[in-house]
Amino acid sequence: MRYLIPLGFFAFALILAAVPLMAANEYALRLFMLFLIYGMIAVGLNVLVGLTGLVSLGQAGLFALGSYTGAILATRLGFDIVACCIGAAIVSGAFGVLLAYPTMRVKGVYLAVVTIAFGIIVENVAIEWQSLTGGTTGLSSIPRPNVFGIKLSGFAFYGVLAVTLFVFTLLIQNLKISRYGRTMLAVSQSETASRALGINPTGLRMLAFVVASVTAGIAGTFYAFLNSYISPDIFTFSDSVRFLLMVILGGAGSTFGPVIGAYILTYLPEYLQQFQLWQKFAYGALLLLVMFALPRGILGTFRLAFDRLRPADPIPDVAEGLPVETTLRHKKEMWTAELVASALTVRFGGLSALSNVSLRVKGGEIHALIGPNGAGKSTFVNTISGFYRPDEGRCELDGVELTGRRSLEIARLGLARTFQNTELFGELSVLENVMAGYDQRLSYGLLQALLRTPRMRREESECRRAAIGLLGFVGLSQYGNEAARSLPFGLQRRLEIARALAGKPRLLLLDEPAAGLTTQEIDDLEAMIRRIAGLGISVLLVEHHVDLIMALADTVTVLDYGEVIASDNPAAIQNDPRVIEAYFGTSPERAETAA
Amino acid sequence: MTAAIQYILSGLAIGGIYALVGLGFHIMWSAAKAVNFAHGDTLMLGAVLAVLGVDAGMPLAVACLLAIIAGGIFGVLLERFAVRPFAATATSIGWMLTTIAVGVMIEALATLQFGGFSRPLPSPGVRSAVHIFGAGVYPQELAIPVVAILVMVSLRLMQRHTLIGRAMQAVAHDKRAAALMGINVNRIVAFSYGLASLFGAAAGVLVAPVIQVSASMGALLGLKGFAVAIIGGITSAPGIVIVGLGFGVMEKFVEGYISTASREIIGFAVMILVLLVFPQGLFGKREVLKV
């Protein structure tokens, strides 16, 4: 498996080198060059569709924007092809940011609509701004492509296109296997969990959209040079659909899928032309067919079949793992991470889910939060981890104000959490889930990811080894390669703990970790929490399971109807009359004396 | 002055169409957290079928009624075969692409049947124009915004006072809880798509006498209906109607004082700007994130 991708790149390079030698005539070569241009768009769009799971139906608009920018720079200012590409990349990238920012904060569907609208805006601006774009007649007499004043021959221009597509494919493959690809996939699976791990979903989606915009813009410039004529009506909505179909047909998320999709959909219209009026219908029918028969696309389906035939990947070697003691232990002087919540009040409409709740988790202690159903425990957890905003009151971690911060910032300040109804990245492997949790500790940037610099490789290997160690810690070593969703429920809970720990938190919030576990699993959990606390990580444990709490907790706080009714050591809590009353109701004798 | 009144009146007419289309998106979104990208084609289907019905010698009213019913059936079928199979997936790519595919196919079929040209639907509503402060307008155009408001009000009444309306609200709020209460969620979703498509086809029939009917008329009207739903807030039916009417009027002014091309540029730019400032739309409620 490890050699499959490099082999693919080798074959790809061979094909690209062989085609111009075998092309029958100039028309055949031109068509192939058109495919190379479409390939660039598809490869870039794959980052958005395949990794973040978002859809753009405006790639034709960005492609047109790049085309016009390149053509105008070349005809008006006499820029060479490199400078034109840079100009187009900047312009389309900037518009990518402009489009993506308002949409990323809402629903994925909106991006599709906004991008369609953007395509229409570009088309109409091209028509309206006649002095610059030539209006409906378009721009003609775009000069032959040249680099630094040297005119490129047809073959040399082919070389430029082939190398560009090859490099784009390679860079995007590098992006995919870096922290960026991993966290983009994570965000598409669960935005909530991503935020809780300090991953920035908005930023990643923007990045994906900008990658798709820049590649479409550069492809547009090449197109202007190839065609030497552009006009508003060659960039239509159905082209946008076609670009998207290239990605889906080839296999969204796969390395070479978009290239294959682009190849098929460059040549297919040539054959469909004979059907004339039915051509559009055939397009729609093909799209429908792909969605039902090949939802994973050609390469995705091939990969699935291949995975079934080949032997399973070797389980990550336990010996490779770093011991959790080295990856998680805080320096002794950092042990005193204190969570202080003071007078927190949260209202939903007229209902006070929390009123005036104060709580203090001392450094290194295991603090249990209990209370009957509906007491406000989950609201409390969601409030301090930044998912809800308190109406009144504040909380801080080790003196740093948490109130008003977003959940991802709070996560980066050292507060990690699990979820009552596990929120795993289901399609990612068990190991990748933990590596996504480690993300906030990685420091390499985009350029390093694209170029796979030594620093990137070193950090990635450290991340992987730490994740293997954590899997060993929670007893999931042999499941490293399985998809997280295929794990049984009890193991999913452990995986969530490992993932939360990967960020080296100072405080770990466990939201009902024992719910649904067997007695044996609860015993394991108890030992695990003890070891976590032993590493200097404070634990706030929200739980129903009394035995577990009594065995573990240093302090127990009891919530009822959104208020703290008791906070003390476990023994005192067990005998507190108010606590007994909250759980079992008033005893008959007391009720009588009260009456 | 006359020009301004003219723009307002014709703007309200086209705005009423956007409102009706937008309401359809609202209904579908509420039920399924998914929509139908062929909704503009539902509108086109309504208009085209009405014209074809009249061609076949049907009385106008029968042709319109049948066209609207056909639109509703189209919506139900689309939901069942193009949206539902992908409802459970995490991303919205599946249903988006299948409904786009169906839209492309329907548009291609309509082009084959109807030809590439445009025709109006004859209607008594456009026989003679009435004059209001010197602005000429057809009774049909005056009726459209009234219909849009009536549809919004009756939708609200239905949601408040009928069993199926309450079930729709329950499904919109929490699908799983609704299912546990014995509500057949699939049926409600199918009903919602049917209802939305009825309104869509009705919008097509209503607008057919005013603008030209063609196979490609649906794309832009559908997209603007969605834009209106986004600006108004997809969770708010009254917001969509208000924004729809306003959007129509704004378009007519831009068209009148600047140009047709600027109409599209400004209209869609407004949508993007509103999203930037009000991510939930002008009247929409923020959806509470459940953790």
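1. In what order do the strands of the open sheet of chain A lie? In this predicted model, 6 strands form the sheet in the order β8-β9-β10-β5-β11-β12, and their pairing is mixed. At the edges stand β8 (415–417) and β12 (563–568) of chain A, each of which pairs on one side only, and the twist from one strand to the next averages 20°. Helix α16 (residues 377–384) of chain A packs on this sheet, where it touches β5 (366–370), β8, β9, β10 (538–542) and β11 (555–560) of chain A, and its direction makes about 145° with that of β9(A).

2. Strands of a sheet pair through backbone hydrogen bonds, either parallel or antiparallel. β8(A) pairs with strand β9 (residues 507–511) of chain A in the parallel sense over 3 bridges, and A:Leu415 has A:Leu507 in β9(A) as its bridge partner. β5(A) and β11(A) also run parallel, joined by 4 bridges, with A:Leu369 opposite A:Thr557 in β11(A). β11(A) and β12(A), by contrast, run antiparallel and are joined by 5 bridges; here A:Val558 stands opposite A:Ala566 in β12(A).

3. Some backbone angles around these strands deserve a careful look. Most residues other than glycine have a negative phi. In the hairpin of β11(A) and β12(A), which has 2 residues between the strands, A:Tyr561 takes a positive phi near 45°. A:Lys504, in the loop between α21 (489–502) and β9 of chain A, likewise has a positive phi, near 55°. A:Glu512, which is not a glycine either, has a positive phi of about 50° and is found in the loop between β9 and α22 (519–534) of chain A.

4. Are A:Lys504 and A:Glu512 buried or exposed, or something in between? A:Lys504 has 18 C-beta neighbours inside 10 Å and therefore counts as partly exposed. A:Glu512 has 20 such neighbours inside 10 Å, so A:Glu512 counts as buried; the cut-off for a buried residue is 20 or more.

5. The domain assignment of chain A gives domain 1 (4–235) and domain 2 (327–594), and the centres of these two domains, taken over C-alpha atoms, are separated by 43 Å. In their contact, 20 residues of domain 1 of chain A meet 25 residues of domain 2 of chain A. On the side of domain 1 that touches domain 2, α7 (154–176), α8 (179–189) and α9 (191–196) of chain A each supply at least two residues, and the largest share, 7 residues, comes from α8(A). By class, that side of domain 1 of chain A has 9 nonpolar, 8 polar and 3 charged residues.

6. A:Gly297 lies in helix α14 (residues 297–309) of chain A, and with 25 C-beta neighbours inside 10 Å it counts as buried. Leaving aside neighbours within four places in sequence, A:Gly297 is in contact with several residues, including A:Ile248, A:Leu249, A:Gly250, A:Ser254 and A:Gly261. The C-alpha atoms of A:Gly297 and A:Met246 are separated by 9.3 Å, although these residues are 51 residues apart along the chain.

7. Which element gives the most to the side of chain B that touches chain A? The contact takes 36 residues from chain B and 40 residues from chain A, and on the side of chain B the elements that give two or more residues are α4 (93–114), α9 (217–232) and α11 (260–277) of chain B. Of these, α4(B) gives the most, with 14 residues. The side of chain B that touches chain A divides into 28 nonpolar, 7 polar and 1 charged residues.

8. Within chain B, helix α6 (residues 163–173) packs against helix α8 (residues 185–207) at an angle of about 105°, with their axes 10 Å apart. Angles of 65 to 115 degrees count as roughly perpendicular, and α6(B) and α8(B) are therefore roughly perpendicular to each other. From α6(B) come B:Ile164, B:Ala167, B:Met168 and B:Val171, which meet B:Val185, B:Ile188, B:Val189, B:Phe191 and B:Ser192 in α8(B). The residues of this contact divide into 8 nonpolar, 1 polar and no charged.

Methods: Residues are numbered from 1 along each chain as its sequence is written. Chains are lettered from A and ligands numbered from 1 in the order in which they are written. This is a predicted model: local features need pLDDT of at least 70, side-chain atom pairs count only at pLDDT 80 or more; totals for chains, interfaces and linings use all residues. Axes are lines fitted to C-alpha atoms, for helices over the stretch in contact, and angles run from 0 to 180 degrees between N-to-C directions. Angles under 35 degrees count as roughly parallel, over 145 as roughly antiparallel, 65 to 115 as roughly perpendicular and the rest as oblique. Two residues are in contact if their C-beta atoms, placed from the backbone, lie within 7 Å. Ala, Val, Leu, Ile, Met, Phe, Trp, Tyr, Cys and Pro count as nonpolar, Asp, Glu, Lys and Arg as charged, and the others, Gly among them, as polar. Two strands pair if DSSP finds at least two bridges between them. Domain bounds come from an automatic or database domain assignment. A residue is buried if 20 or more other C-beta atoms lie within 10 Å of its own, exposed if 12 or fewer, and partly exposed in between; C-beta atoms are placed from the backbone.
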